[in-house]
Amino acid sequence: MRLKLLAGVFAIGLGAAPAMAQEVVLRAVTSFAEGTQFSKNFERFIEKVNADGKGVVRINYIGGPRAMPPFEVGNAVRTKVVDIANVTGAFYTNLMPEADAFKLIAKPMSEQRRNGTWEYINQLHNQKLNSYYLARQFHNVPFHIYLNKKIDKIDFSGLKIRVTPVYRDVVEALGGTPITTAPGEVYTALERGVADGYGWPVTGIFDLGWDKVTKFRMEPPFYSVEVNVLVNLDSWKALNDAQRKVLTDAALWLEGLDSEKVAVIKAERERQAAAGIQALDFGPAASKAFLDRANDVAWQSVIKRAPESGPKLRQLAGN
Ligand code: 173
């Protein structure tokens, strides 16, 4: 008995030793320009992992769209071209149509982790993206439609509006012509008049100089930004408990950074006003009608393309 116990302890010691001695290095990319709004917190996350995980796990940050086109990031984490990605579901709806629903889920991540939403979305990522859903950021940051032509009601007839899957259905429902581009092409599209407007979150338009080519911000804010940190599932499974703990602890910390966004949003709205970007507000009734319509067309579209997971996600979203 005593011998057996000793042998057991010895075996555990041997098993653990090589893993602890070896620091694992994970390659990471972001689908947004380096140093900008939707990469910044991910970059802080990397710093934290590299500090807390010294000798255990290290992230090698490859960078953003200069290294990899944003719409290819989802596939790159699926195929293990990279181990970690900072990417919005809007950029991988080709692989996971129901990813378009994540913008409709606005509950804080602490709640989503308690009520089964995180678990369900993690399963979807396991199955369709061969990845682990480590974190979701920006649940409390909404989107807007920005315009260069003044409208007198919420109607996009005759307007060409730059979109991603986030805004496509609502732009079409309100009569606009959607043009899909990566964020890197927005400035030129506006400058050349190829687009009369664009969808983008309330924050971040200054990062790439879009304030210089933007006249109006349409109210109300709608949906909920989601940018996820995904880990290739094979890379995740190959980690030991200590390595996973460093990443998980940093992920929870990262999600907690959303609380900073309340002040950031206020400051950005003020900065937009100071830059001469005028808010177009059509009052509470028109705003409510827009929000209802935006919600309806988005869920219809998701449920049509994902008849099984769509309704389940809607139930979890509670809207
Ligand atoms: O507009 C976009 O490119 C987009 O879909 C998005 C999604 C999340 C954060 C920022 C932009």
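Author: Helices and strands here are DSSP runs, a helix having at least four residues and a strand at least two, and they are numbered from the N terminus. In those terms F138, to which I return below, lies in the loop between β4 and β5 (143–147). Please keep in mind throughout that this is a predicted model.

To begin with the ligand, 15 residues surround it, and the closest of them are R162, T164, V166, Y167 and W200. Three of these bring polar side-chain atoms to oxygen atoms of the ligand. In the side chain of R162, an N or O atom is found 2.8 Å from a ligand oxygen, and the side chain of T164 likewise places an N or O atom 2.8 Å from an oxygen of the ligand. For Y167, a polar side-chain atom lies 2.5 Å from an oxygen atom of the ligand. On its own the ligand has 300 Å² of accessible area, and the protein covers 100% of that area.

As for where this happens, the ligand sits in the largest cavity. Two elements, helix α6 (165–173) and strand β8 (197–201), each give two or more residues to the shell around the ligand, and the largest share, three residues, comes from β8. By residue class, the shell is made up of eleven nonpolar residues, three polar ones and one charged one.

N130 counts as partly exposed, because its relative accessible area of 22% falls between the 20% and 50% limits. F138 also has a positive phi without being glycine, in this case near 75°. Its relative accessibility is 1%, and because that is under 20%, F138 counts as buried. A cis peptide bond, with omega about 0°, joins E219 and P220, and P220 belongs to strand β9 (residues 216–222).

Three further residues complete the tour. N41 is part of helix α2 (residues 37–52), and its side chain makes a polar contact of 2.9 Å with the side chain of R44. N41 is buried, because its relative accessible area is 4%, which is under the 20% limit.

N115 lies in the loop between α4 (109–114) and α5, and with a relative accessible area of 31% this residue is partly exposed. Although N115 and L316 are 201 residues apart along the chain, their C-alpha atoms are separated by 8.0 Å.

H144 is found in strand β5 and is buried, with a relative accessible area of 0%. From H144 to L159 there are 15 residues in sequence, and the C-alpha atoms of the two are 15 Å apart in space.

Technical notes. Residues numbered from 1 in each chain as written. Predicted model: local features only at pLDDT ≥ 70, side-chain atom pairs only at ≥ 80, totals over all residues. Heavy atoms only, no water. Near = heavy atom within 4 Å. Polar contact = N/O pair within 3.5 Å; in protein donor to acceptor, adjacent residues only side chain to side chain. Areas by Shrake-Rupley, 256 points an atom, 1.4 Å probe, with all protein chains shown as cover. 1 Å grid on protein atoms, 1.4 Å probe; cavity = no way out; pocket = protein on both sides within 12 Å on 5 of 7 lines; lining within 4 Å. Sits in = over half its atoms within 2 Å of the grid points. Nonpolar A, V, L, I, M, F, W, Y, C, P; charged D, E, K, R; others polar. Buried < 20%, exposed > 50% of the residue type's maximum accessible area, 1.4 Å probe, protein only.
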